[in-house]
Amino acid sequence: MRIFDPHIHMTSRTTDDYEAMHAAGVRALVEPAFWLGQPRTSVGSFLDYFDSLIGWEPFRAAQFGIRHHCTVALNPKEANDPRCAEVLQHLPRYLLKDGVVAVGEIGYDSMTPEEDEAFAAQLQLALTHDLPALVHTPHRDKAAGVERTLAVVKESGLAPERVVVDHLNEVTVRQVVDSGCWMGFSIYPDTKMDERRMVAVLREFGTERILVNSAADWGRSDPLKTRRTGDAMLAAGFTPDDVDTVLWRNPVAFYGQSGKLELDGSGTPGTDATFEGNSVLRGVRAEV
Ligand SMILES: [Zn+2]
């Protein structure tokens, strides 16, 4: 089973996770920019983070045979902090970089006027940079959040097939299915969506325009939820081709719209490479 995780925050994960993901079939992923777990106090904190998303983290992933791409944005939560707003002026130069395959995560957290402004401005950045957009939906007041999200996307002029509306469940998916946007689902260990509920959604709505991710952030999460969803699909009678559609071909089609996906050579772990003098290896290894 080949897997492309379209939304996973590897910055918060360990090398054990990378090893387990590769063993489970993960060969490519997209890491969206998000918060640090605590508030950023200056724009410099974003810039160092973005630099790590296009430099160090892809290097680290490559050591485990996984192709790493990212999305950059001012996330919805921090859009409310005036100390962070200036980062919007720095985004255009990051959106030009190799490996940056979308604008994201953008959207709503608490649906404030500040979030409105940042969301609309960043949808315009996606439009002018000819990139897809990854849109987060709020975990509270979900139905209202999704409704407003779709209205703002429509108003932006960005084509719906270039937008994924993420963190959906079996209720909110109904709002998105007719919009033409892609539908993203984050599978978690004990809250929100799980793999069994995901299989039920796939039974009802089919496999088209659906992306499944493990999110895997600072909270309790499981970077193998993509694989577990693939296994649950097979156990429920879906074919290996259906699984390949959902876990590989769909994310490739969605992020491929950026023209910047690099999938050649994925699957070959690196060995002694270094990134600015740093390796992911520790200590001296025995001669083989
Ligand atoms: Zn996320």
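**View 1. Pro251 lies in helix α10.** Helices (H or I, at least four residues) are DSSP runs numbered from the N terminus. This is a predicted model, in which local features need pLDDT of at least 70 and side-chain atom pairs count only at pLDDT 80 or more, while totals for chains, interfaces and linings use all residues. Residues are numbered from 1 along each chain as its sequence is written. Pro251 is buried, having 28 other C-beta atoms within 10 Å; a residue is buried if 20 or more other C-beta atoms lie within 10 Å of its own, with C-beta atoms placed from the backbone. When neighbours within four places in sequence are left aside, Pro251 contacts Phe4, Pro6 and Leu211, a contact being a pair of residues whose C-beta atoms, placed from the backbone, lie within 7 Å. Leu29 is 222 residues from Pro251 in sequence, and the two are 8.9 Å apart in space, C-alpha to C-alpha.

**View 2. Val164 belongs to the largest nonpolar core, of 74 residues.** Such a core is a set of buried Ala, Val, Leu, Ile, Met, Phe, Trp, Tyr and Cys residues joined through C-beta atoms within 7 Å. Val72, Ala133, Val163, Val164 and Val165 touch the most other members. Helix α10 (residues 240-256) gives the most to this core, namely six residues. Residues up to four places away in sequence not being counted, Val164 touches Leu134, Val135, Cys181, Trp182, Gly184, Leu211 and Phe254.

**View 3. Helix α2 (residues 43-54) packs with helix α4 (residues 87-95), their axes coming within 10 Å.** The axes cross at roughly 20°; they are lines fitted to C-alpha atoms over the stretch in contact, and angles run from 0 to 180 degrees between N-to-C directions. α2 and α4 are therefore roughly parallel to each other, a description that applies to angles under 35 degrees. On the α2 side the contact is made by Val43, Phe46, Leu47 and Phe50, and on the α4 side by Val87, His90 and Tyr94. Six of the contact residues are nonpolar, one is polar and none is charged. Ala, Val, Leu, Ile, Met, Phe, Trp, Tyr, Cys and Pro count as nonpolar, Asp, Glu, Lys and Arg as charged, and the others, Gly among them, as polar.

**View 4. Helix α4 packs with helix α5 (residues 113-128) at an angle of about 25°.** Their axes are 11 Å apart, and the two helices are therefore roughly parallel to each other. Leu88, Leu91, Pro92 and Leu95 of α4 meet Ala118, Ala121 and Leu125 of α5. This contact comprises seven nonpolar residues, with no polar and no charged ones.

Note on methods:
Angles under 35 degrees count as roughly parallel, over 145 as roughly antiparallel, 65 to 115 as roughly perpendicular and the rest as oblique. Two residues are in contact if their C-beta atoms, placed from the backbone, lie within 7 Å. A residue is buried if 20 or more other C-beta atoms lie within 10 Å of its own, exposed if 12 or fewer, and partly exposed in between; C-beta atoms are placed from the backbone.
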